[in-house]
There are 2 protein chains.
Amino acid sequence: MGSNRATLADVAKRAGLSKTAASMVLNGREGTRLSAEAHQRVFAAAEELGYRPNVAARSLRTRKTATIAFVSDIVATTRFAGGLIRGALDAARERDHVLLITETQGDAAFEQYAIEAILDRQVDGVIYAAMATRRLTVPPAILGGRVVLLNATSAEQLPRVLPDDERAGVTVAETLLAHGHRDRIALIGRNREKERDPEISLAAAARLRGIRGTLADSDVQLSTEGFCTEWQPENGYTATRALLRRPERPSAIICMNDRLALGAYQALGEAGLTIPDDISVISFDDDPIATWLRPKLSTAALPHEQMGRRAVELLLDGDDHEPSYVPMPLRRRRSVAAPAS
Amino acid sequence: MGSNRATLADVAKRAGLSKTAASMVLNGREGTRLSAEAHQRVFAAAEELGYRPNVAARSLRTRKTATIAFVSDIVATTRFAGGLIRGALDAARERDHVLLITETQGDAAFEQYAIEAILDRQVDGVIYAAMATRRLTVPPAILGGRVVLLNATSAEQLPRVLPDDERAGVTVAETLLAHGHRDRIALIGRNREKERDPEISLAAAARLRGIRGTLADSDVQLSTEGFCTEWQPENGYTATRALLRRPERPSAIICMNDRLALGAYQALGEAGLTIPDDISVISFDDDPIATWLRPKLSTAALPHEQMGRRAVELLLDGDDHEPSYVPMPLRRRRSVAAPAS
DNA sequence: CAGCTTCGCTAAACTGATTTAGCAGAGCAT
DNA sequence: ATGCTCTGCTAAATCAGTTTAGCGAAGCTG
């Protein structure tokens, strides 16, 4: 690869100046007394030689690598991860940085490897990301540098970016109310573990809080709450079937995520019910399947790209340690309508 | 970050030896005449100080960074990308390497940025990946070093890893034949552009070739071929509805990917047909939705993890420039059965 | 015109590793 | 006693930058 690249010495020689001068000019140092002409010559020489500084040499001295480590439990390889990385990648590029990506897979040895790789390479900062919004434990070794939590919190008061799940819950509930749903709003995806253990999920409790609070403000309660051990399509299917066996059919179903909603669609389809005419469905996440379903699913979107972007911004430009809550906009599609009759 | 780390000089001093000696011992250099005792002392000192070499300093001298660049058009942020990255990540870790991830998004300026970032950091090699299996143009600037193409080919004879789409086509066709399907096998997802332009897709033509060849060997032809401008669920839905309007209903539908299959499921469901009793469905990719559908979809899996892994292996240990074809195993699930009656 | 400041620039040290060239002492043969 | 080889180790150069300290000439002051 970069074998015969021009070095700073080459540039200096061509400009008829010292390395010092060349270095200062190229770094735009203030207060140096180099003549305008010297500036010209250095820029010209650098241009002509196609000079690009060697990052290793530079960071040896400056301890800056223009590299950010993106460490995730498992996020880098899931469908949800895409946007997170994309956003981070974009923001990093805008700031002339680059992303070093590692995955711990929840494995202590892997995490150890990641930390060492990061420390060895003296990255400028670490983004510690979680797949599911949750609390996690940051390895002390990286606390020496800048760390931003992405989609996560931790015991330490670190800067962090989180989706505003509670607000999303509010939005979802408001939408249903606005369409005239009141007493027959069901929910599927209740899950004690997710709701209680912040190490597993922060989203479940927050969404539920938002939903219930908003309904309560209008003197409404959820008519039925379906529990699911996982938030997978199968669980949504089963929960929805259970829902339909009850005497009073709901006018709307809130699903705690889009995979559950897929299951709900399947169960409703089998039961011969039409969405949204017979029953409305609304959900959270905005997984790609949301637009694949028929009808397209209305859902509060996890703003992954924005979150990734925000994390980099916080890392590089950030000063405040207030958690950064990113809004989850509702994607209004075709799965919500007024209750039948 | 790593502020007060022990340096090689520290280790040497503690061991009562020179930096030279310490360096040689720690690098396991053969042919050095350092005593066994010297070895002990160096190892002990390094251990006690928790010594880890500074990668920047080392690579300044050796031009090795233990870093691989993973450049993709857009793959890093799509659902399909996960496995690719995961596999590469795992293989890289096993070889004590790390991944620098960038994305060109098909944008020339972004590509330029990626290249410069890569060259500046003197990565040991580049994995150039495409989201869809296709031919792409590798920027000449990176051809100076090791490059492996992932899910892609190029004009240059570069080492590359590709899914064995043709063989997958064979497998899919064989499966249908084995279940007794013959004259009423339909296909959806024909697409002239994808089939003809290798810069768009290599998979479409290869899959089709495999399917047709295998059927022909048994004197069978596809009964209907549905064209789709895109391989999205909607197109699958429309194509399937068209299929069902024809006089003779197919006994099986081959979908060129799982998203089309989702569309097919939706159309079949609406038509009141049961999979696989009334009609079998088989597909390609093994997208996560394949297991979310009811019944679960049989599909030839794109072995993303293996491909990513293989790319790193080829890059680091590889010698041969033969394209590496990775098999696409058929995930046998519930969507294929014998034809009705 | 000596002394001081400012200007414009550079030599050399430094970052932390690897690598080349070679030195001192021991052992042996002559 | 001299010359030679082998052993066990080290000094110093090197990679490509940044940074510190400071030098010589010009200009100005008193």
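**Close-up 1. L100(A) stands opposite L100(B) in β2(B).** This is a predicted model. Strand β2 of chain A covers residues 98-103. It is joined to β2(B) by 3 bridges. The two strands run antiparallel.

**Close-up 2. A rotation of 180° superposes chain B on chain A.** The shift along the rotation axis is 0.0 Å. The RMSD is 0.1 Å. That is how a two-fold axis relates two copies. Both copies use the same surface: 100% of the contact residues of chain B recur in chain A.

**Close-up 3. Chain B meets chain A through 45 residues of its own and 47 residues of chain A.** On the chain B side, these elements each supply at least two residues:

- α4 (55-62), α5 (81-94) and β2 (98-103) are among them.
- α6 (108-120), α11 (258-270) and α12 (289-292) also belong here.

α5(B) gives the largest share of this side, 7 residues. By class, the side of chain B that touches chain A has 23 nonpolar, 13 polar and 9 charged residues.

**Close-up 4. DNA strand D is surrounded by 25 residues.** The closest are L8(A), S23(A), A57(A), S18(B) and T20(B). Both chains contribute elements with two or more residues near DNA strand D. From chain A come α2 (19-26) and α4 (55-62). From chain B come α2 (19-26) and α4. The largest share of this surface, 5 residues, belongs to α4(A).

Technical notes:
Residues are numbered from 1 along each chain as its sequence is written. Chains are lettered from A and ligands numbered from 1 in the order in which they are written. This is a predicted model: local features need pLDDT of at least 70, side-chain atom pairs count only at pLDDT 80 or more; totals for chains, interfaces and linings use all residues. Copies are superposed by least squares on the C-alpha atoms of residues with pLDDT of at least 70 in both. Two residues are in contact if their C-beta atoms, placed from the backbone, lie within 7 Å. Helices (H or I, at least four residues) and strands (E, at least two) are DSSP runs, numbered from the N terminus. Ala, Val, Leu, Ile, Met, Phe, Trp, Tyr, Cys and Pro count as nonpolar, Asp, Glu, Lys and Arg as charged, and the others, Gly among them, as polar. Two strands pair if DSSP finds at least two bridges between them. A residue is near a molecule or strand if its C-beta atom, placed from the backbone, lies within 6 Å of it.
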